[in-house]
Amino acid sequence: MKKKVLVTGGAGFIGGHFVQRMMNRYPDYHIYNLDLLTYAGELSKHKNMEKRENYHFIKMDITDRKAIMVLFAKEKFDFVVHFAAESHVDRSIINPEIFVRTNVLGTQILLHAAHQNKVAKFVHVSTDEVYGELDFDPTIFFTEESKLLPNSPYSASKASSDLLVRAYYETYGLPINITRCSNNYGPFQFPEKLIPLTISRVVQEQKVPVYGDGKNIRDWLHVFDHCSAIDLVMHEGVNGEIYNVGGHNERTTLEVVKTIIHKLGKSESLLEFVKDRKGHDKRYAINPTKLEKLGWIPNFSFEIGLTQTIQWYLDNKWWWNKQL
Ligand SMILES: NC(=O)c1ccc[n+]([C@@H]2O[C@H](COP(=O)([O-])OP(=O)(O)OC[C@H]3O[C@@H](n4cnc5c(N)ncnc54)[C@H](O)[C@@H]3O)[C@@H](O)[C@H]2O)c1
């Protein structure tokens, strides 16, 4: 029988690429893209698939318990890959409540529906931010055993959801995996996140805000490499296991912003240092050895990935202009 895959948050940045990957690589699967279409979700990215009989879009809120239970009972999904979330740290500092509702309650509702309907695999897409921050010692990385020490309402809500996922494995035996990924970049990322924000500002010759001294370090991963990791975990991951996803592409925020300014041939006078973000983590860096042992190989160097991403934003101004 054909497999049914529920992708939550498939109208967002990473979930959107994951839906495309599933449709392209597994023509036998039926892909159900469930999304509430918040400010971060939009469907123009899936125009190429709308008419395919194995693509289904469902507009639904993951916190709508009744609707979710009815859907799971009807469709009997084989896989659930859970991306839907409030995902922007700055928004979580201003309005934490929606992060608890969507990221914690929404995840619990999905887990319960998955358990009740005997889903064969539930993959929960989480973040390295649940581990808190590292100092600047370049020999230290997050591993799957690192403590959960989240610092922002966003990362705290994701860590809470991770614990619920673990609990559904330990208590009910739901076959789960958790993936924890570093910062993603690539086409179709909402222009509130660092790389698309910087590109859109520089293209328009507007000031680019940089928090604090810009020395915070992030480990950048191309969204295609993230999606290949989730695909692998979904099919090969050992039940109950956590997998960290990262590509050893550590850069300071200032390096990233300056590189974009230079690649676009503009002046560093566009840089504007602003008051630091509250609870701003110093450094994230991932040790992906466990996932590599499962067979994951990232394809993108940061230099090539960033150049291609800049080109995509230049070629698709219509897309990000409508998001501003
Ligand atoms: N972007 C990153 O760098 C990054 C890194 C690591 C982990 N993650 C995680 O990956 C996942 C996807 O991130 P993203 O950057 O694609 O996020 P995004 O903000 O681009 O997309 C989130 C999607 O979820 C949908 N959504 C929000 N609330 C919903 C609800 N109540 N019901 C149904 N749908 C809802 C939105 O409409 C949107 O389409 C998130 O869980 C995030 O925590 C992201």
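A: **The ligand and its shell**

An oxygen atom of the ligand is 2.9 Å from a polar backbone atom of Phe83. That is a polar contact (a pair of N or O atoms within 3.5 Å). The model is predicted: local features need pLDDT of at least 70, side-chain atom pairs count only at pLDDT 80 or more, and totals for chains, interfaces and linings use all residues. Residues are numbered from 1 along each chain as its sequence is written, and side-chain values use heavy atoms, with hydrogens and water left out.

Two further backbone contacts follow. Asn184 places a backbone N or O atom 2.9 Å from an oxygen atom of the ligand. For Leu36, a backbone N or O atom lies 3.1 Å from a nitrogen atom of the ligand.

Cover comes next. Alone, the ligand exposes 840 Å², and the protein buries 96% of that. These areas come from the Shrake-Rupley method with a 1.4 Å probe.

The shell holds 29 residues. The closest are Ile14, Asp35, Ser87, Tyr154 and Lys158. By class, the shell has 14 nonpolar, 11 polar and four charged residues. Here Ala, Val, Leu, Ile, Met, Phe, Trp, Tyr, Cys and Pro count as nonpolar, Asp, Glu, Lys and Arg as charged, and the others, Gly among them, as polar.

Which elements supply the shell? Two or more residues each come from α1 (13-25), β5 (121-127) and α5. β5 gives the largest share, three residues. Helices (H or I, at least four residues) and strands (E, at least two) are DSSP runs, numbered from the N terminus.

Notes
A residue is near a molecule or strand if one of its heavy atoms lies within 4 Å of it. A polar contact is a pair of N or O atoms within 3.5 Å; within protein, one must be able to donate a hydrogen and the other to accept it, and residues adjacent in sequence count only if both atoms are side-chain atoms.
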